[in-house]
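Let's take a friendly walk through a protein structure, one part at a time. Keep the 3D view open as you read.

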Amino acid sequence: MNSLPLIRHSERVDYKRCPKKWFWRWRMGLVPKAKTFGALELGTWFHSTLAAWYSQPDREGLSLTAWFKHFAELAIGGAKNIGAPDYTLEKADELAALGEAMATAYQKKYGADPAIIPIVAEIPLEFDLTDADGKVFAKHKLKPDLVYREAANPDYVWLMEHKTAAQIRTEHLVIDDQARPYGAMAEISLRRAGVLRKSDVFKGIMYNFVRKALTDERPVNEQGQSLNKNGSVSAKQPVPTLMRFPVTLTKASKRIAISRLRIEAGIITGMTEALRSKKVDPALLPKTPHSSCPKLCPFFTMCVVEEQGGDIKEMQRTMYERRDPYLYEEESTEVLTSFELS
Ligand code: SF4
């Protein structure tokens, strides 16, 4: 068993978003019992699809849409088996149809993707976080979506991060909180694991955007412009659904990303210790209410009840189960009777 504290990217995100949310998920291990199908599931299916796709030695002639259908059907079948209600299953079917359209558009644009030579997809890595004296105080888990070589320059290695998004936004990517630290940690971890050759030059992150959108079925002219029914060029041209956006990482940006990780991990492990030793009462942890809470926080209802002075212990028993948050989803099959601070 790993005796050093573990840290995950989504844990840092949760802690910085709202310490109470972090406590419920990462110290109590709470996850909602009710299965919903939304942006998170679509992203998971698409990531699994691309991981399987890029792991094939020869992608020529293989249908990406068929891979996607496989992963969506697997999840929907699982929900059916545990008696998910019809409205949930209908939502899941709609999501699967959207994902199939996205997979078809992806393969139409990139084909077998000959520009990419995959090295490894979704490799689980651990990065040692050290304190000011160089002593390892925590391990950061990471699983980059894809490590690949440029076919045109095989010594150039990139991390590809797949992003399924309602809108493609790129302005913030130079300060991105996931891929940038991932790149800095992965380069060192991959060299240590012997995955990268000495001659390999680690370039940075290639964001692989796939917009959540159905295909524009309108006819197009020779310039690729969408046409109206009468054959004239439409004033409403489709927004691109696929985009690759590179962010190269300099030595300085990698150093800064790792320093920030150390600081954040130090704060989180310190708070964990204070909660375990009862120096901090969980009831006094700050909350960060925001208009996105109802949609994006799985603890919203419980949070409301707590703010009204209600009994949330019963809600924790009936609405949530406990799972080890430090396990990846495919490993986290076991429902626990308790987790750390339950
Ligand atoms: S609902 Fe908002 S304030 Fe409450 S725990 Fe979730 S993120 Fe924090």
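## Around the ligand

A residue is counted as near a molecule if one of its heavy atoms lies within 4 Å of it. What we are looking at is a predicted model. With that cut-off, which residues are around the ligand? They are Cys18, Lys21, Trp24, Lys287, Thr288, Pro289, Cys293, Cys297, Phe300 and Cys303.

Sorted by class, this shell has 7 nonpolar residues, 2 charged residues and 1 polar residue. Two helices each supply at least two residues of the shell: helix H2, spanning 19–27, and helix H9, spanning 300–307.

## Domains

Now step back to the whole protein. The domain assignment gives domain 1 as 21–32 + 283–342, domain 2 as 34–111, and domain 3 as 116–215 + 235–265. Between the C-alpha centres of domain 1 and domain 2 there are 27 Å.

Helix H1 covers residues 9–17, and Glu11 lies in it. Is Glu11 buried or exposed? Its relative accessible area is 1%, and buried means under 20%, so Glu11 is buried. Leaving aside neighbours within four places in sequence, Glu11 is in contact with Leu6, Trp22, Trp26, Arg27, Ile268 and Tyr326. Also buried in H1 are His9, Arg12, Asp14 and Tyr15. The cover over the buried residues of H1 includes S1, H2, S5, H7 and helix H6 (179–192).

How do H1 and H2 pack, and at what angle? The angle is about 145°, and their axes are 6 Å apart. On the H1 side, the contact is made by Ser10, Glu11, Asp14 and Tyr15; on the H2 side, by Pro19, Lys21, Trp22, Arg25, Trp26 and Arg27. By class, this contact has 5 charged, 4 nonpolar and 1 polar residues.

## The sheet of 3 strands

Next, find the open sheet of 3 strands, which has mixed pairing and the order S1-S5-S4. Strand S1 (6–7) and strand S4 (125–130) stand at the edges with a single partner strand each, so one side of each has no neighbour in the sheet.

S1 and strand S5 (residues 136–142) run parallel and are joined by 2 bridges. Look for Ile7, which stands opposite His140 in S5. Helix H7 (residues 251–276) packs on this sheet and touches S1, S4 and S5. The direction of H7 makes about 110° with that of S5.

## The sheet of 5 strands

Another open sheet is built from 5 strands in the order S3-S6-S7-S8-S9, again with mixed pairing. Which strands are at its edges? They are strand S3 (116–121) and strand S9 (242–248), each pairing on one side only. From one strand to the next, the twist averages 30°.

Within this sheet, strand S7 (residues 156–165) and strand S8 (residues 201–211) pair in the parallel sense over 10 bridges.

Key. Residues numbered from 1 in each chain as written. Predicted model: local features only at pLDDT ≥ 70, side-chain atom pairs only at ≥ 80, totals over all residues. Heavy atoms only, no water. Helix = DSSP H or I, 4+ residues; strand = E, 2+ residues; numbered from the N terminus. Nonpolar A, V, L, I, M, F, W, Y, C, P; charged D, E, K, R; others polar. Pairing = 2+ DSSP bridges. Contact = heavy atoms within 4.5 Å. Axes fitted to C-alpha atoms, helices over the stretch in contact; angles between N-to-C directions. Buried < 20%, exposed > 50% of the residue type's maximum accessible area, 1.4 Å probe, protein only. Domains from an automatic or database assignment.
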